[in-house]
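Hi there,

Here is the structure we talked about, for you to open alongside this note. My notes on its aromatic rings follow below.

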Amino acid sequence: MSTNFLSSKTALVTGSTSGIGLGLAMALARQGANIVMNGFGDHETPKAQILAQAAPGVQVAYHGADMGKPAEIADMMAFAATTFGRVDVLVKNAGIQHVAKIEDFPIEKWDAVIAINLSSAFHATRLALPAMKAANWGRIINVASAHGLVGSPEKSAYVAAKHGIVGLTKVTALENATTGVTCNAICPGWVLTPLVQKQIDAKATAQGISIDAASKQLLGEKEPSMQFTTPEELGELALFFCSPAGNNVRGVAWNMDGGWVAQ
Ligand code: NAD
């Protein structure tokens, strides 16, 4: 792979103040892309982390749009275009989880998970496509999940949203198949981020076991490898989709999950 093949390009990564999104933004910046960060909480520390790994000359901007609000997504896309000219790489990554049985699932949690995990990808994609098509180059990467390919109990909204985003990925890829715009999904298994740490902590508390035991149990239920995937490994997959070798990779949902969905 040639060095800095994303220089002079711009990548917008939703939910990049933490976890997987931060790892993806760091990888894209390493290959020379300017970054538009998004997400809640402190953004100065992750911004410094991105810049520390970035290729020379990379700039990082931040927009705090709430991915559950279409008007704020439109504002973020306009901000990216004004700041850097255009979005060449769109990574829809921001996501939330809520765990409950269907009959107990709070309606407002269902609506929030669908809005943030699924509808935000539709809004960002529809707003990014015109400039990508005009340039005849673009990469849309949707962070789905192993839960975009298989289900688990008590995660109805999350699994529905992630299966939905795999479908949206295929349609986006097909509608642009004769252009230089590709769309693919990344389907991680367990990645040790704040989103998963909360689930491990809840398991430990519920069963009165240590964090380490809860972590091993979580992995053992799903992943034959008994290993977490890392944001760095996912970053390399995103780079492959963006590289010249990824030119004709269209509409895949690529699992990086320690064997989770191979079973
Ligand atoms: P995380 O909690 O570490 O990070 C989530 C990011 O999204 C943060 O930057 C947060 O501020 C942002 N965010 C949350 N709600 C938002 C909103 N309404 N608007 C804007 N930003 C918002 O989580 P993570 O584990 O890094 O998850 C990132 C993505 O990866 C999610 O889509 C998640 O479903 C997916 N995923 C995670 C795992 C895992 O094991 N961690 C596995 C498969 C898929």
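**Aromatic rings**

Searching the whole structure turns up five aromatic pairs, a pair being rings of Phe, Tyr or Trp (its six-membered ring) with centres within 6.5 Å. Please keep in mind that this is a predicted model, where local features need pLDDT of at least 70, side-chain atom pairs count only at pLDDT 80 or more, and totals for chains, interfaces and linings use all residues. Residues are numbered from 1 along each chain as its sequence is written, and side-chain values use heavy atoms, with hydrogens and water left out.

One of the pairs is F240 with F241: the ring centres are 6.1 Å apart and the planes sit at 45°, so this pair is tilted (planes under 30 degrees apart count as stacked, over 60 as edge-to-face, the rest as tilted). F241 also pairs with W254, with centres 5.9 Å apart and planes at 70°, so that pair is edge-to-face. Because F241 lies in helix α8 (residues 231-242) and W254 in strand β7 (residues 253-256), the pair ties together parts that are 13 residues apart in sequence. Helices (H or I, at least four residues) and strands (E, at least two) are DSSP runs, numbered from the N terminus.

F240, F241 and W254 form one aromatic cluster. Within it, F241 is buried at 0% relative accessible area, while F240 is partly exposed at 23% and W254 is partly exposed at 38% (buried is under 20%, exposed over 50%, partly exposed in between; 1.4 Å probe, protein chains only).

Best wishes
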